[in-house]
Amino acid sequence: MDQTEAMELALVEAARAIEHDDVPIGAVLLDPEGSVVAADHNRREELADVTAHAEMLVLSARSREVGDWRLGGHMLVVTLEPCAMCAMAAVWARIDTIVFGAADPKAGAVMSLYNVPQDERLNHRCEVVGGVEGAASAALLGGFFTARR
């Protein structure tokens, strides 16, 4: 599966978050062969858990499945640029590539405010690809926030 196809699945996940009043962010995790091994969306409101970001949920699900926190070779695809927590979790998990849709100028930690995944002071670095289906991701988020105001 390529990055665009994976992002389309992440967008479907993101839309599911709206059902429980969570910010529509979705994530998909691909294994080294390019198969989807985890998919989820933000569940902070649903679970009353500040860490229940889409990225954290897919990383945790896959780690439990394989019985290892090391996820080398995997690709994390997420509709919004990951925050510092999620970016660092991807680094700790040894994710190879982070692909995101829309940039996050307020909290983005892979390009906008910080570049955690490529910080040379860390013991692992992730490749970063931004802007994949970025307009669709931004439109979904914009619609959500417009409806709430």
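## Ground rules

Two strands pair if DSSP finds at least two bridges between them. Helices (H or I, at least four residues) and strands (E, at least two) are DSSP runs, numbered from the N terminus.

This is a predicted model: local features need pLDDT of at least 70, side-chain atom pairs count only at pLDDT 80 or more, and totals for chains, interfaces and linings use all residues. Residues are numbered from 1 along each chain as its sequence is written, and side-chain values use heavy atoms, with hydrogens and water left out.

## The sheet

Five strands make an open sheet with mixed pairing. Their order is β2-β1-β3-β4-β5. Direction ignored, neighbouring strands are turned by 15 degrees against each other on average. Axes here are lines fitted to C-alpha atoms, for helices over the stretch in contact; angles run from 0 to 180 degrees between N-to-C directions.

Strand β1 (residues 26-30) pairs with β3 (residues 75-80) in the antiparallel sense, over four bridges. Leu-29 stands opposite Leu-76 in β3. Helix α3 (residues 54-66) packs on the sheet and touches β1, β2 and β3. Contact means heavy atoms within 4.5 Å. The direction of α3 makes about 145 degrees with that of β2.

## Helices α1 and α5

Helix α1 spans residues 3-17 and helix α5 residues 134-148. Their axes come within 11 Å and cross at roughly 5 degrees. The two helices are therefore roughly parallel (angles under 35 degrees; over 145 is roughly antiparallel, 65 to 115 roughly perpendicular, the rest oblique).

From α1, Met-7, Leu-11, Ala-14 and Ala-15 make the contact; from α5, Ala-136, Ser-137 and Leu-140 do. By class, this contact has six nonpolar, one polar and no charged residues. Ala, Val, Leu, Ile, Met, Phe, Trp, Tyr, Cys and Pro count as nonpolar, Asp, Glu, Lys and Arg as charged, and the others, Gly among them, as polar.

## Two residues up close

Leu-9 is found in helix α1. At 37% relative accessibility, Leu-9 is partly exposed. Buried means under 20% relative accessible area, exposed over 50%, partly exposed in between (1.4 Å probe, protein chains only). Beyond its neighbours within four places in sequence, Leu-9 is in contact with Met-1, Val-28 and Val-36.

Asn-42 lies in the loop between β2 and α2 (44-47). Asn-42 is buried, at 3% relative accessible area. A polar atom of its side chain lies 3.4 Å from the backbone oxygen of Val-23.

Note on methods. Polar contact = N/O pair within 3.5 Å; in protein donor to acceptor, adjacent residues only side chain to side chain.
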